[in-house]
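Please walk me through this protein model.

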Amino acid sequence: MTSLETPSSITTEVTFPVTGMTCASCVRRIEKALGRVEGVQQANVNLATEKATITYDPMVAAPAALKAAVEKAGYGVREFPVAVQAPPPISVQRAGEVTLPIQGMTCASCVRRIEKALAKVDGVSEASVNLATEQAHVVFDPDRTSVDTMRSAVERAGYSIGGLAQPSISADAHTAEPSAPDAQDLERQREIDDLKRKWTISLVAGVVMMAVMYLPLNIPMDVLAPLLLIAATVVQFWARRPIYVAAWTAARHGGTNMNTLIAVGTSVAYAYRAVVTLWPRLAMQWGFPQHLYFETGVIIIALILLGRWLEARAKKQTGAAIKALMGLQAKTARVIRDRIERDIPIETVQVGDLVRVRPGEKVPVDGVIQEGSSALDESMLTGESLPIEKGPRDQVIGATLNKTGSFIFRAEKVGRDTALAQIVRLVEQAQGSKAPMQRLADRISEVFVQPFLCCRC
């Protein structure tokens, strides 16, 4: 366990979804806002996956401060994880020592508060809380106190302790969770459907308006112009509403983005045409040319919404590709503990566990074969379609498919350390990485969306 006496050596990485991003300027703005938070070492925002990955010192920066920085920049955080990984179950190393997973800590003062609460428990001789791992290591006299007593002390201090491991959870209960609809996917699909409906209607309206303006229909302009204004008003304030909302959100926080440019440009053009249409004599007195071009503004809005729709679809496909990779992993593992075989969720497999893999099953985690032999399909990793023979002391990789025989292997890498988890992590990092030319383009676009009279954020 990392000592609290050397906080400078502790770094934590957290990834959370960000809402409201529309362009590279938004990415740059959020990265700068997070970079100004004390304790943040690195901030990378991925526009494709709509996620931000932060490396920070948990002794200096609290998750609440990171979330507040994003919201202050004019964007939203769908849900902020308390920790990088789910808290591990309570584990007793030996009689008189226990590791408790603590939930709800945000800063170093929380650490001190929990340590003081545990130290007051009769029978506790030492309590050390690690904010980075969200665990408390307690040395106690089992004859004078118990885990339940320590749990009560932590809860009175305003925090909570994760429950004991449940190895008897059924496979059905575990596998039922992924089948439930994902809130983020549903929200993204609603966004895609809404954008498609708006750009389609806007484009059709623009084409019809263009045809009416240029075809010889012999309709007087004083009759035609109000009708065109009504159609343009519907597109302006219904189809463009998300752009207005995003621009207003940025303005409330003293910033601008690409939505600001679009909102200001199209609104000024619409206002000019409305004045010319509703007050033609006043417009003539002011010297305004009698040019309407309603169809031009409507088609421009339609093309902008079309681009947003294509971008939203690309984001969804990106997320689907990552989920497809994660879906390759087995949901349960048949672990041998105390000479008893039982199926447990893959999240509860520990390093050193003996795992049996039967024909037709996926290898749950990475490890080394101890008994038996088989042919494994490793095409998900190597692309090789022919099965590879494996025997004792051979390495097996999680998510590969066991073809013929049955074997027992010892788990060596679980959770984030497996080959599949690293592949997923590398794919996400690759999608979020930027070429030097792209970083230069981001800086240039930032100049164009920031008014020169406005304070640069």
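## Basis

This is a predicted model: local features need pLDDT of at least 70, side-chain atom pairs count only at pLDDT 80 or more, and totals for chains, interfaces and linings use all residues. Residues are numbered from 1 along each chain as its sequence is written, and side-chain values use heavy atoms, without hydrogens or water.

## Whole chain

The protein chain has 14 helices and 18 strands. Both are DSSP runs numbered from the N terminus: helices are H or I with at least four residues, strands are E with at least two. Of the 457 residues, 40% are buried (under 20% relative accessible area; exposed is over 50%, partly exposed in between, with a 1.4 Å probe and protein chains only).

Contact means heavy atoms within 4.5 Å. Among contacts between residues at least 6 apart in sequence, 67% join residues at least 24 apart.

## The nonpolar cores

A nonpolar core is a set of buried Ala, Val, Leu, Ile, Met, Phe, Trp, Tyr and Cys residues joined through side-chain atoms within 4.5 Å. The largest has 25 residues; M209, A232, V235, F294, V298 and L305 touch the most other members. Elements giving two or more residues to this core are α6 (183–214), α7, α9 (258–278) and α11 (294–326). Helix α7 gives the most, with 7 residues. Another core lies apart from this one; it has 24 residues, among them V14, C26, L34 and L66.

M209 has several partners beyond its neighbours within four places in sequence. They are L228, A231, A232, F294, E295 and V298.

## Helix α7 against α9

The axes of α7 and α9 are 10 Å apart, at an angle of about 155°. Axes are lines fitted to C-alpha atoms, for helices over the stretch in contact, and angles run from 0 to 180 degrees between N-to-C directions. The pair is therefore roughly antiparallel (over 145 degrees). The crossing is left-handed: the near helix is turned anticlockwise from the far one by less than a right angle.

On the α7 side, the contact uses A225, P226, L229, A232, T233, Q236 and F237; α9 supplies T266, S267, Y270, A274, T277 and L278. By class, that is 8 nonpolar, 5 polar and no charged residues. Here Ala, Val, Leu, Ile, Met, Phe, Trp, Tyr, Cys and Pro count as nonpolar, Asp, Glu, Lys and Arg as charged, and the others, Gly among them, as polar.

## L227

L227 sits in helix α7 (residues 221–239). Its relative accessibility is 53%, so L227 counts as exposed.

How values were computed:
Angles under 35 degrees count as roughly parallel, over 145 as roughly antiparallel, 65 to 115 as roughly perpendicular and the rest as oblique.
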